[in-house]
Each structure stands twice: as C-alpha cells, then as structure tokens.
Amino acid sequence: MTTENNLLEVKDLKVEFKLRQGTVTAVNGVSFQLKKGKVLGVVGESGSGKSVTARTLLRIEAPGIITSGEINFFSPKHGELAIQKLNTTGELIRSIRWKEIAMIFQEPMTSFGPMHTFGNQISEVLILHEKVNKADALQMVIESLRSVGMPRPEKVINQYPHQISGGQRQRAMIAMALACNPEMLIADEPTTALDVSTEAQILEVLAERQKTLNTAILYISHNLGVVSNIADEVMVMYLGQIVEHAPVDELFRAPKHPYTVALLNSIPRIDKAYHGQKLEVLSGGIPDPYNHPPGCKFHPRCPKVIKGVCDKIQPLQHAVSETWSVACHLYSTSINSEK
Amino acid sequence: MKLFKYIIKRLLWGALVLLFVSFFSFLVIQLPPGDFLSSYIARLEKSGMAVDNQSMVALRHSYGLDQPFIVQYGKWFYRFVRGDMGVSFLYTKKVESVIVERLPATLLLSFTSLLVIYLVSIPVGIYSARRQYSIGDFLASLLGFMGMAIPGFLLALILMWIAYQGFGISIGGLQSPQFMDQPMSMAKAIDFMKHLPVPIIVITVAGTAALIRTMRATLLDELGKQYVTTARAKGLKESTLIHKYPVRAAMNPIISSGGWLLPELFSGETIAAIVLGLPTIGPLLYRALLGEDMYLAAGCIMILSILTIIGLLISDIVLAITDPRIRLG
Amino acid sequence: MKTPTFFRGFHKPKNSEPNKFNALHSASQWALIWAKFKDHKLAIVGLYLLVFFYVCILFAPIITPYDAWEDSKYIYAPPSKIHIFHEGKLSRPFVYQQDIMLNTETFERTFKPDKSKPYPVRFFVKGAEYRWLGLVKGNIHLFGVDPQTSINLMGTDVLGRDCFSRNISGLQISLTVGLLGVFIAFILGSVIGGIAGYYGGIIDNIVQRLVEFISCIPTIPMWMALSAVIPQDWGNLKVYFAITVILALRSWTGLSRQVRSKLLQLREEEYIVAAKVCGTSGWKIITTHLLPGFMSYLIVSLTLEIPKMILGETTLSFLGLGLRAPTVSLGVLLQDAQNLAAISAYPWLLISALLVVVAVLAFNFVGDGIRDAADHYKN
C-alpha cells in the first residue's frame with residue numbers, strides 16, 4: 001500500500017482497560033491507514049473495539065490506556081503528529097480536536113447538552129477554533145445548518161435539544177462536526193439510533209457533504225449494509241483485531257474471512273429465496289472480555305476451524321491482493337504455496 | 001406564557017398544601033382528650049383563680065366549641081387567615097405576637113444555614129465526583145456518613161461542651177446575657193457572630209451531608225453522559241466543559257432538592273434551638289406541646305409549614321427559569 | 001439501544017463451553033448483588049456490627065449481669081476496671097471492690113478501689129431472675145461477680161443502676177423501633193404507592209398530592225406534635241407502638257414515591273409489555289417480572305429508613321416526647337445526659353449516644369453497600 005496522501009496512519013495500536021475484574025484489551029494490535037478524502041468503514045459487533053479505536057484517535061479513550069502502537073496524523077497546520085504521545089488534556093490535542101478531526105456520535109438524544117441552545121453549542125466550536133466573534137459565529141451556524149438540510153435554521157439556533165426530533169438533532173450534529181471544515185470526520189454509528197427512512201436521509205446528507213468538502217471519514221457501524229453505501233474500503237473487526245480489510249465492492253463480492261462471510265449471510269436479502277429455510281446466524285456469543293480464547297479469537301465460533309492450528313496460533317495479516325488483507329489461517333497456506 | 005401558567009399552577013398547589021397543613025394543625029389542637037378550654041379552666045382553677053360559668057359559656061361560644069368539628073375548623077382557619085391565631089395560655093399573649101417576636105431569628109438562622117449548605121456542598125460535591133475514590137472524596141463521604149449518623153441534639157451538646165471546655169464561652173442563645181437589652185453596637189454584633197457558628201453547624205450538618213451525596217451522584221451520572229464526551233471532542237478545556245455542561249445539568253436536582261431541604265432544615269433547627277436555647281420558633285413549639293398550649297402549637301406548625309411551602313415555591317420557580325425543559329415544555 | 005433483528009443471533013449466549021463470563025450471566029440477581037456487596041468493605045463491617053447488635057439484644061437478659069431497673073448503692077460509679085494483675089502476679093480477670101467516699105462538704109462521691117481482695121469475673125453465674133423472650137424463666141447470666149461487689153462495664157447512673165445492662169435493654173427497644181417502624185412504613189408505602197402506580201390517573205394524583213403535603217410539614221415538629229398528643233395514661237407497650245406508628249407515618253411517603261415511580265417506569269419496559277402481549281396474567285407479571293425489578297431498590301430504601309427512625313425515636317425520647325421511663329431506650333437513657341454538668345462529671349453516660357451513632361452508621365453502611373451492589377447490577 002502506498003503511503004502518500006495518507007492523512008492518518010495507525011500502527012499496531014493497543015488499548016487496555018484496567019478494571020477491578022481484570023484487564024480488558026479492547027483494541028489489540030490494530031493497523032490501518034486513512035487517505036485524504038476517502039471513506040473507511042469499520043464493521044464489527046458491539047465489543048469489537050471499533051468505538052474505542054475511534055475515541056483513541058481523538059485521545060478521549062479514558063479510562064482506556066494506550067499500551068503500545070502509533071497514531072500518526074498528518075495535520076496541515078502542525079505537520080506530522082504522533083497523537084499517541086500527546087497529553088490528553090494538553091493544548092495541542094485540543095487544537096486538533098474538532099478543528100482537524102471532528103466526531104459524530106451514536107445517540108442524538110444525549111450528544112448535545114440539554115441546557116444550552118443549538119446556537120450556543122455549535123457556535124462554541126467556531127468561537128474556539130476559528131476565533132470569530134459571537135454574532136459572526138451564529139451566522140456561520142445558520143449557514144452550516146442550512147447546508148445539512150435543516151429546515152428553518154434561524155429558529156433552530158434558539159432551540160434546545162429536547163425540542164426537535166432525533167433525525168434533526170443528528171443533522172445538527174453533522175452541521176456542528178463540519179462547521180470548522182475538518183480534514184477528517186469520525187462517524188461512530190451515526191444512524192444506529194434512527195429509524196430506517198431517517199437513516200437514509202442522514203446517510204445522504206453525510207455523503208453529499210463528504211463529496212463537497214472532500215472530508216475523510218472513518219465510518220463506524222455494526223451494519224455492513226449501511227457501510228457499503230458510503231465507504232470506499234471496509235475493515236471488519238472482531239475482539240479488538242482487524243480480521244479483514246478490503247475495498248468495499250470486492251469484500252461484498254467474495255468475502256474471505258469466515259467471520260465476514262457469517263456477517264454477510266446474516267443480512268436478510270430480498271433477492272434470495274428462503275423456501276422454509278432460516279436465516280443463517282452465527283452460533284455462540286462474544287467470549288469473556290477478560291479471557292480471550294487462545295490462537296485465532298474467532299475459532300470457537302468458526303465453522304471452518306482447523307483443529308490444532310486455529311486454537312493454538314494467532315493468524316497474521318495475509319495480503320490477498322495489494323488492497324486486500326485477511327487474518328485467517330485458511331489463507332496463509334494458499335498464499336505460501338503461490339509463492 | 002408557559003412559565004406564567006406553570007407559576008400559577010404551583011401557587012394553586014401551594015394554597016392546597018396550606019389547606020392540608022392547616023387541617024393537620026387543627027387536628028393537633030383537637031386530638032388531646034377534652035377541649036382545650038376545659039384544660040385551660042382546669043389550669044386556671046389549679047392556680048386558684050375563680051372561673052365564672054357565664055364567661056366560660058361565652059368563651060366556649062366565641063371559639064365555637066359547641067359546634068361540630070368542621071365548623072370549628074372553618075372558624076379557626078378563617079381567623080388564622082386574617083392573622084388571628086388565638087391566645088397562648090403559657091405566654092398569656094396573642095399567639096401571633098409570640099411567634100412574630102421569634103420570626104426574625106428563625107428566618108435569619110434558616111437563611112444563613114441554607115446558604116452555608118449550598119456553599120459547602122456544591123463545591124465539595126463537584127470535587128468528590130471529579131476525583132472519585134480520591135482521599136478527598138473518601139474524607140467527604142466519611143464526614144457525610146458521620147453527619148447523617150450523629151443526632152442533632154448530640155452534636156449540639158458536644159459542640160457546646162467543646163466551646164465551653166476549649167474556649168470558655170458558654171454557648172446558649174444567640175447573644176450573651178449582658179447584651180440582651182442593649183441597642184445594636186459593634187460589640188453586640190461581634191458577640192452575636194460568636195454565637196452563630198455552633199447553631200449553624202448543628203443545623204447544616206445533616207443537610208450538607210445529604211446534598212453532597214446528591215451533588216456527587218448526579219454529577220457522576222452526568223459526567224458519564226454522551227454530551228460530555230462531545231464537549232471533550234470539541235477541544236474545550238476540561239474545566240470549562242465540566243462547568244458549562246455537566247455541572248450545569250447537575251444543578252437542577254440540587255435546586256429542586258433545595259426546596260425539600262427546608263423541612264429538614266426546620267427539623268434540625270428545632271432540635272438545635274431546643275438544646276442551645278435559641279430564640280426561634282422551634283423551642284416555642286416544644287414548650288407549647290409540653291404545656292398543652294394547643295393554639296400556640298398549631299400556630300408554630302402552621303408558620304413552619306408556610307415557610308417551607310414558600311421555599312418550595314421559590315425553588316420551583318427558580319428551576320423553571322433555569323431549566324429549558326420545564327420552561328419550554 | 002435498538003438492535004436490528006438480523007443481528008440478534010450474535011447475542012444468544014449459546015456457548016457450549018461454560019466459562020466464567022457465562023456463569024456470571026446465569027447467576028441470580030441476588031447472587032450478583034451479594035457478590036458485589038462483599039466488595040464494599042464498610043458495608044461488610046456494618047453487616048457484622050448489625051448481626052452482633054441483634055444477637056446481643058436477642059439474648060439481652062442473659063448477656064447483661066443485672067436487671068436494668070435494679071437500684072444499687074453505687075451511684076454514678078465510673079466503669080469498672082477489669083484487672084489481670086493482682087499484687088504483680090498474673091491472674092484471671094478480676095475487679096476490686098469500690099469503696100464509696102462521700103465528701104461531706106461538696107456531697108461529691110468518689111470511688112476508691114480496695115486493692116486487698118480481688119473479685120474474679122465469673123461466667124454463667126446466677127443472678128437476677130428474668131423471662132427470656134417473655135417465655136423462658138432463667139437466672140443465669142453470661143458473666144458477673146460476687147454479689148458483695150459489682151461489675152459495671154459502662155458505669156452506673158443516678159440510681160446506681162448498671163449502665164451496661166440499661167444500654168443493652170435500650171438497644172433492644174431502639175433497634176426494634178426501627179425494624180417495626182420500617183415494617184409498618186413498608187406495608188403502607190408499598191400498598192399505597194403500588195395502588196397509585198398501578199392504577200395511575202386520578203388515584204395516582206391524589207396519592208401524589210397527599211405525599212407532597214405530608215412532606216411539607218417539617219419532620220421533627222410533626223413527630224413532636226403527634227407524640228405530644230399520646231395520652232399520658234397509656235401503658236408502656238401502647239406508647240411504644242404509638243411512637244412506632246408516628247415514625248412510620250412520615251417514612252411511608254418516601255417509600256410509596258419510590259414504589260410508584262418504579263412501577264410506572266417498569267410498566268413501560270419492553271419485557272413487561274412483552275409479557276403482557278404474551279398473555280401473562282396481571283398477578284404473574286407483578287410477582288415474576290415487576291417485583292424482582294425493584295425489590296433491590298426497596299430494600300435499599302428500607303435499610304436507609306431504619307437509621308432515620310432510630311434517630312427519630314432517640315431525639316423524641318431525649319426531648320421527653322417519645323418513650324417514657326420506665327421504658328428504657330437509648331433516647332430515654334440520654335435524657336440523663338441533657339446538660340453540660342452531667343456530661344463533664346459522668347462522661348460514661350454518653351456511651352448510649354455512641355451506641356446510637358454506631359448503630360446508625362452500621363445501617364447506613366449496609367444500605368450504601370446494597371445500593372452500590374444493586375446499581376452495579378443495573379449496569
């Protein structure tokens with residue numbers, strides 16, 4: 001993979017949570033790159049470490065602790081930055097937050113403070129990062145709200161979160177995230193809490209703004225279908241590790257990792273005739289977070305498990321093609337034999 | 001407009017509570033066996049005074065004691081609303097004048113105590129929540145537990161003892177006897193200030209402990225909410241964002257529980273005042289109850305409850321003004 | 001959080017290998033709460049203290065060496081010192097006879113130990129007769145000394161009565177007032193709150209207002225007023241029950257509020273709706289779904305309500321408005337410590353206060369522990 005045009009490089013990132021019951025390794029050796037203006041989807045079950053990964057990029061991972069790895073961000077203003085080394089409350093990371101990397105959260109209900117107007121909360125980022133005065137900031141907020149299709153933005157700036165619907169709140173969130181025109185946007189399941197038709201509208205707005213502003217997006221979802229609409233590449237995470245990373249079309253056409261296959265098969269499809277057969281579901285649940293299984297972490301649930309290999313040796317990332325990698329023993333032998 | 005409607009609604013509510021409380025107070029007058037007039041007469045006779053039958057009948061009639069309960073209550077309430085609370089037998093004065101004498105000290109002590117409770121518990125609560133499980137947090141919890149476990153009268157006794165043993169001041173009342181009938185002066189003010197800390201501590205300890213716990217728990221709850229992460233992700237300074245968002249949201253339960261602190265405050269004050277001999281309404285009630293001076297007792301309960309209701313209404317209105325979710329529906 | 005249907009299969013805990021995680025998931029609610037509770041050190045200390053206290057009051061007449069109402073010549077004797085060295089030699093625990101010296105000018109009493117003869121502390125001695133639990137006659141006491149002298153672990157009072165025996169008897173009343181009061185409050189609170197929460201509408205509205213009205217009257221003045229109207233000629237037992245009811249009259253409001261709000265909240269929960277849709281009967285919904293849902297909350301508020309009642313009883317009795325002598329409660333005992341002169345001359349009278357504080361703290365710790373445990377379970 002080429003490194004030019006990279007906006008973000010994550011190398012072997014590990015994040016742990018030290019709890020009383022034991023240590024949870026939420027992110028366990030994750031590496032990926034995000035190119036300028038591209039959309040990278042991250043898919044996985046709850047507990048797969050995708051949200052923690054995202055938060056770590058902004059250094060709001062507490063109480064998690066980065067135990068190893070690198071996060072290199074190519075800031076237009078500050079040059080190459082080793083994010084993992086920054087003080088989480090320091091000035092430098094605070095100037096990166098929102099100005100260069102903004103974030104959209106899952107719960108539109110609670111991601112705005114209940115006691116302040118939208119005008120106040122959105123203009124806050126402009127006053128902070130763009131050093132504009134309050135009146136100008138409010139004008140910019142109105143423009144920004146209009147650009148995401150918010151009806152009557154002049155009125156909305158004086159409204160409180162409880163006064164508008166979830167979909168509208170998420171529009172406001174997008175407007176706030178893009179207000180400072182950041183290089184990169186992290187969207188952490190932005191449509192999960194919305195109903196299907198609102199979800200489609202929000203995705204459309206997001207995709208449109210992404211194209212106009214050429215913002216790079218790290219799009220997190222547990223829904224492969226949603227990700228396929230917006231992403232250029234997808235990485236699938238399982239228990240804090242990336243099991244497959246591929247361009248979105250190729251992944252859908254021929255998924256390699258048994259986990260990806262299972263994820264795809266569990267999506268009900270209209271074009272498939274079901275004739276009395278049931279939707280395939282993955283057996284078993286996510287293992288104990290304090291005690292991950294040895295070897296490949298997916299092996300207890302894997303239909304293609306190789307006894308004596310998968311339960312003993314942890315699979316490495318194998319390149320299927322230049323843009324496609326998978327962490328599974330099934331592919332290590334085939335690649336070795338090709339060589 | 002919505003705010004206006006809300007306030008009207010709360011005022012009506014207050015009037016209703018008042019009605020209920022007055023009924024309760026009247027019940028207290030009525031509960032002892034025999035009517036109060038008989039006990040009054042018995043008392044007069046015991047002290048060797050002759051009571052002529054005619055004036056007794058006249059008295060009986062004027063208090064409506066020959067009428068059914070509800071009529072008596074109606075008459076009493078009607079008179080109460082017009083400021084006539086009956087006669088105190090203990091003080092041989094009108095109840096309202098006995099109470100009014102003690103109102104300033106009561107209000108002063110309650111208001112100062114409320115202020116102290118807020119000034120202590122909010123910062124300590126914020127500190128405890130932000131530094132959960134730190135030594136400071138542990139100490140605050142420990143003090144809180146002690147504050148809830150030591151009965152007020154005991155604390156009053158202990159502090160009195162310490163003040164007496166350690167500083168040689170006898171803490172009784174709100175001023176030293178030599179200043180009792182003197183006009184206001186610097187020396188009198190200083191003497192008064194010296195007397196204030198012990199009652200204030202006794203009155204505020206339980207309320208402060210409770211409010212610290214509420215503040216800590218609410219703020220911890222708010223700190224875990226998504227909007228705090230949003231604010232952090234925006235690049236705001238930690239102290240700025242915490243004071244702007246979660247502390248602001250945590251203030252609401254504090255404001256609304258402020259009103260409910262009042263009954264507890266008056267409870268604590270009653271105890272402290274009895275033990276420390278303060279010139280407030282609490283000891284008046286105590287004396288009235290022990291001496292079966294029922295009009296005085298009812299008057300005291302009514303006044304304490306009215307003060308509580310006014311406090312509640314104020315906290316409701318403040319809450320409505322500060323919280324957009326109530327103000328705008 | 002909504003989980004799309006196609007994703008649900010992942011969450012089924014059907015793992016064939018039962019591990020720690022799944023064991024935790026299948027444990028009952030109470031086992032989980034207990035597991036959490038054990039981590040709360042103060043709560044465990046509180047629990048031990050409470051068990052100790054209640055065992056003590058259960059066997060009160062046996063543990064105490066004297067009758068709590070029996071006068072003696074030892075007036076205001078300080079707590080007896082238990083010695084183990086007699087004339088420089090180690091011996092079994094014993095006390096010395098206290099000679100009473102009366103200063104004829106000040107009428108102050110001083111006690112001087114007569115060190116010539118040790119009186120060993122004996123166990124399971126015969127003493128004052130009692131009826132254990134009002135049923136079993138007995139006269140064996142856990143410990144005691146030769147009747148010639150006396151052992152007063154916590155000193156004696158104005159009539160020479162043994163404060164240790166009186167304190168244990170006082171604990172018996174004070175700690176049961178809390179339990180009985182909470183029981184009454186629990187019945188009142190859950191029935192009234194339950195009705196309000198279950199029926200809603202006008203009934204709910206009326207109950208809500210009633211609760212608010214009662215809460216508007218300051219607690220202590222309300223208790224004072226109510227206990228002041230208890231007729232003077234009532235017997236001990238009647239006054240005891242009356243005081244308990246008065247204390248409960250205030251406490252039920254908080255409980256009913258909790259029961260109501262929890263019921264209203266649970267009514268809307270999806271699993272309750274699901275149970276209703278499935279045709280589960282109302283009774284079964286209440287017992288198998290609703291009750292476990294808020295039992296832990298109820299227990300927390302009950303545990304935290306007991307110390308308030310103990311404090312209430314103590315305060316009322318201290319003020320002379322609660323229980324009356326000859327009933328012995330910690331508050332009644334504290335009446336003797338009402339002024340500074342008494343406290344500085346006979347500080348051991350404050351031991352009763354210490355017992356109140358320790359008992360109340362213990363209840364608060366336990367309540368706090370259960371709350372934390374229940375909260376954690378909720379998450």
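User: What counts as a salt bridge here, and which side chains in chain C meet in one?

Analyst: A salt bridge is a side-chain nitrogen of Lys or Arg within 4 Å of a carboxyl oxygen of Asp or Glu. This is a predicted model, in which local features need pLDDT of at least 70 and side-chain atom pairs count only at pLDDT 80 or more, while totals for chains, interfaces and linings use all residues. Residues are numbered from 1 along each chain as its sequence is written, chains are lettered from A in the order in which they are written, and side-chain values use heavy atoms, leaving out hydrogens and water. With a separation of 3.4 Å, N to O, the two side chains that meet are those of C:Asp157 and C:Arg166.

User: Which domains does the assignment give for chain C, and how far apart are their C-alpha centres?

Analyst: Domain bounds come from an automatic or database domain assignment. For chain C this gives domain 1 (48-56 + 166-374) and domain 2 (72-160). The distance between the C-alpha centres of domain 1 of chain C and domain 2 of chain C is 38 Å.

User: Which residues in domain 1 of chain C lose the most area to domain 2 of chain C?

Analyst: Buried area is the accessible area (1.4 Å probe) that two parts lose on being put together, summed over both. Between domain 1 of chain C and domain 2 of chain C it is about 650 Å², and carbon and sulfur atoms give 72% of this. Together accounting for 63% of what the domain 1 side buries, the residues that lose the most are C:Tyr346, C:Trp348 and C:Ile351.

User: How many residues of chain B and of chain C are in contact, and which side chains form the salt bridge across that interface?

Analyst: Contact means heavy atoms within 4.5 Å, and by this criterion 42 residues of chain B touch 40 residues of chain C. Chain B and chain C bury about 3700 Å² between them, with 83% on carbon and sulfur atoms. The rule finds one salt bridge across this interface. At 2.5 Å, N to O, the partners are C:Asp368 and B:Arg213.
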